[in-house]
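Subject: Structure handover

Hello,

Here is the structure we talked about, with the sequence. My notes follow below it.

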Amino acid sequence: MPSKNLYSQRDPALKKRDDFEDILDERRNSSDLRHALRCYTPVLYKGMTPCKASTLKTIVLQSEQVRYVINQVSKEMGETPDIVQEEAVAILEEMAQRLQLSTIRFFVFTLSKAFKALFQSVHVNEEGIQRLQEAIQEHPVVLLPNHRSYIDFLILSYIMYNYDLALPVIAAGMPLLGMKFVGEMLRMSGAFFLRQPFGGSLYWAVFSEYVKTMLRNGYAPIEFFIEGKRSRTGKSLTPKLGLLNIVMDPFFKGEVFDVSLVPISISYERVLEETLCARELLGVPKPKESTLGLLKARQILSEDYGRIHVYFGQPVSVRSLAQGRINRSEYNLIPRYIPRKSSEETQSFVNDTAYMLVRRQEENMVLRPWVLIAAVLMQNLDGLDLELLTKQMVWLRGLAGAFGAFLDWPDQKPVDKVVASSLALHHGLVQATGGRVRLLEGPQDPASPEEALFDRAVGVLSCASYRNQVLHVFLRPALVAVALETANTSRNDDVYSSFLYLRNVFSNEFILCPGAAVQDFEEGCYLLLKCGAIQMLQQDLVVTERGQLIVSFLSGMLEPFLQGYQVVCRYFSEEASEGLTEKQYIPAVRSFAIKHILSEGLKCYEALSSDLQKNALAALLRMSALRKVKAADQVTLKVNTMAVKAIEDTLGGKVPAQKPVLARL
């Protein structure tokens with residue numbers, strides 16, 4: 001059981017953060033061409049082994065690991081080593097980058113023009129740049145930005161050039177390579193391409209050795225998205241471990257003294273792809289990346305997308321993290337070039353590191369007033385008076401600040417002007433008429449109720465993606481707030497039991513670090529105590545009169561997720577057919593949700609999101625309410641109806657969560 005004096009922990013609101021500089025300010029007052037062609041003299045890693053991009057490929061093909069795997073594949077396939085070697089060469093040719101400064105200069109010139117047209121400003125924390133500059137000289141560096149837009153990697157390379165930092169080589173998806181002309185331009189700006197999913201053992205060996213060779217040689221900082229793909233919901237995604245394993249491996253094997261991991265937070269006041277993301281979540285296929293599509297997208301240059309903030313976090317030393325956790329001597333037991341499965345100890349370490357890095361990204365996200373407006377609007381889908389919206393946003397600003405949010409608030413502006421400019425910037429999502437603010441509806445005369453529902457859902461999911469940007473600030477106190485409402489009693493033990501249950505259910509939905517349940521509960525309680533929302537009386541957690549509004553609002557932030565998961569549970573207990581496959585599940589549960597929204601007035605449009613549906617499925621599988629059954633050549637989902645209904649009832653507050661053993665200790 002969490003201890004009574006659990007609230008003596010560090011206040012997140014006291015976290016010190018750096019100041020920013022707008023790098024577009026100079027661009028608006030000097031020549032873009034001169035900037036692109038200026039003398040570029042980056043600081044390099046002191047242990048760098050100078051080599052050309054073409055030499056890297058030779059080193060990879062001659063490495064002991066690749067040669068060993070070529071011989072193994074040759075024996076398994078019954079092919080000669082020369083034929084397998086040719087396949088390895090083809091793989092390398094397909095993936096390898098060809099970083100050229102001339103291409104970078106072209107992009108810098110083009111992006112200077114585009115960014116000035118698209119954005120009011122691009123703010124960068126200069127102290128973070130200075131820390132990165134020092135880190136690049138000392139050890140191999142890995143850049144780990146969050147992924148919210150297609151332009152994330154372009155912005156980072158642009159910033160690196162702007163500050164005379166070594167240009168990164170960037171892991172990119174194969175679809176980008178398929179864009180005529182542009183794919184090769186990206187390759188020449190440092191992109192190297194990976195297939196998803198990976199091919200067989202030969203592909204993995206070539207790819208991993210290529211990345212590790214660049215890291216060991218200090219060829220350039222390596223950049224990849226630890227979330228694996230672009231978040232279409234505005235929330236951070238569960239980290240993927242493949243590339244993180246690869247870049248840590250040279251340290252584990254003693255091939256480098258240390259590796260510096262740099263979490264980077266990119267925050268958009270308005271995302272270029274906002275409605276595109278919502279449509280993807282509703283089942284509209286993602287547009288194929290193409291040069292023609294890129295040219296058609298030029299029309300966005302006439303729009304205003306507000307501010308961008310890029311925060312370079314404190315470099316994280318793998319050596320320091322691994323101290324006392326990783327026994328590197330085990331890597332001496334067999335030749336290092338022989339591929340081996342990581343030990344449980346190593347897997348746990350990499351997983352914990354990945355979650356910690358994503359949490360760092362979240363903590364350094366810069367939040368503009370619009371995300372608070374979106375949070376208020378998402379609890380008032382039918383709209384509300386402008387005056388009330390303004391009051392609620394000011395109240396929420398105070399709460400967010402107390403909880404440690406990194407707010408960029410224009411203090412020199414009156415509050416009503418702040419609200420007005422935010423609404424104007426997001427004119428494609430909201431309208432303010434007659435003193436009332438509401439999300440935009442679709443066409444006045446939709447062809448069908450389903451079409452009207454789709455248009456409404458696009459607006460709601462787009463607005464939700466901005467609310468989701470601030471969710472990490474409120475998540476832990478919000479989980480405690482819901483636990484207070486659903487627990488059997490107000491006793492600390494019972495509230496903690498409900499909290500633990502909710503945390504388990506939503507562990508795919510939000511970034512909740514493994515093994516940190518007590519810490520998360522303590523943080524949530526501390527923040528609620530700090531703002532006067534709860535009191536601790538003996539062994540009871542009691543909501544104060546002042547706290548009723550806070551607890552209600554925080555619970556409301558999680559209500560779409562609670563309702564969405566209940567809809568999925570209802571689907572499995574009422575309609576799921578025998579032999580349902582994972583592929584059939586998404587369209588089937590979406591149809592079920594549409595039917596209930598149209599017939600019962602269910603207001604949970606987020607139940608239509610494929611992201612929520614996949615996370616709910618993962619939760620039900622993890623909690624043994626579903627299991628996968630392999631039959632013939634396909635995998636189907638077997639439903640434990642009683643378990644599914646129990647989860648639905650618990651989330652709906654009908655049944656208290658079962659008290660875990662941990663809570664009785």
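Which strands and helices each supply at least two residues of the lining of the second largest pocket? They are strand S4 (169–173), helix H9 (174–177), strand S5 (191–194) and H12. Please keep in mind that the model is predicted.

The second largest pocket

S4 gives the most to this lining, with four residues. The volume of the second largest pocket is about 820 Å³. Its lining is made up of 31 residues, and those nearest the centre are Gly 173, Gln 196, Gly 228, Lys 229 and Arg 230. Sorted by class, the lining of this pocket holds 17 nonpolar, five polar and nine charged residues.

H12 and H16

H12, which supplies part of that pocket lining, also pairs with another helix. Two packed helices are described by the angle between their axes and the distance between the axes. For helix H12 (residues 242–252) and helix H16 (residues 344–363), the axes come within 11 Å and cross at roughly 120°. The crossing in which H12 passes H16 is right-handed.

Cavities

A search of the whole structure gave nine cavities of 30 Å³ or more. The largest cavity has a volume of about 140 Å³. Around the largest cavity there are 14 lining residues, with Lys 235, Ser 236, Glu 362, Asn 468 and His 472 nearest its centre. Helix H20 (residues 449–486) provides the largest share of that lining, five residues. By class, the lining of the largest cavity divides into five nonpolar, five polar and four charged residues.

H8

Helix H8 spans residues 152–162 and is mostly covered, with 11 of its 11 residues buried. Just after H8, Asp 164 takes a positive phi of about 55°.

If you set up a list of sites, the entries from my side are the second largest pocket, at about 820 Å³, and the largest cavity, at about 140 Å³.

Regards

Terms used. Residues are numbered from 1 along each chain as its sequence is written. This is a predicted model: local features need pLDDT of at least 70, side-chain atom pairs count only at pLDDT 80 or more; totals for chains, interfaces and linings use all residues. Side-chain values use heavy atoms; hydrogens and water are left out. On a 1 Å grid over the protein atoms alone, a cavity is a set of points where a 1.4 Å probe fits but cannot get out, and a pocket is an open set with protein on both sides within 12 Å along at least five of seven lines; lining residues have an atom within 4 Å of a point. Grid points are joined across faces, edges and corners, and a volume is the space filled by probe spheres set on the points. Ala, Val, Leu, Ile, Met, Phe, Trp, Tyr, Cys and Pro count as nonpolar, Asp, Glu, Lys and Arg as charged, and the others, Gly among them, as polar. Buried means under 20% relative accessible area, exposed over 50%, partly exposed in between (1.4 Å probe, protein chains only). Axes are lines fitted to C-alpha atoms, for helices over the stretch in contact, and angles run from 0 to 180 degrees between N-to-C directions. A crossing is left-handed if the near helix is turned anticlockwise from the far one by less than a right angle, and right-handed if clockwise.
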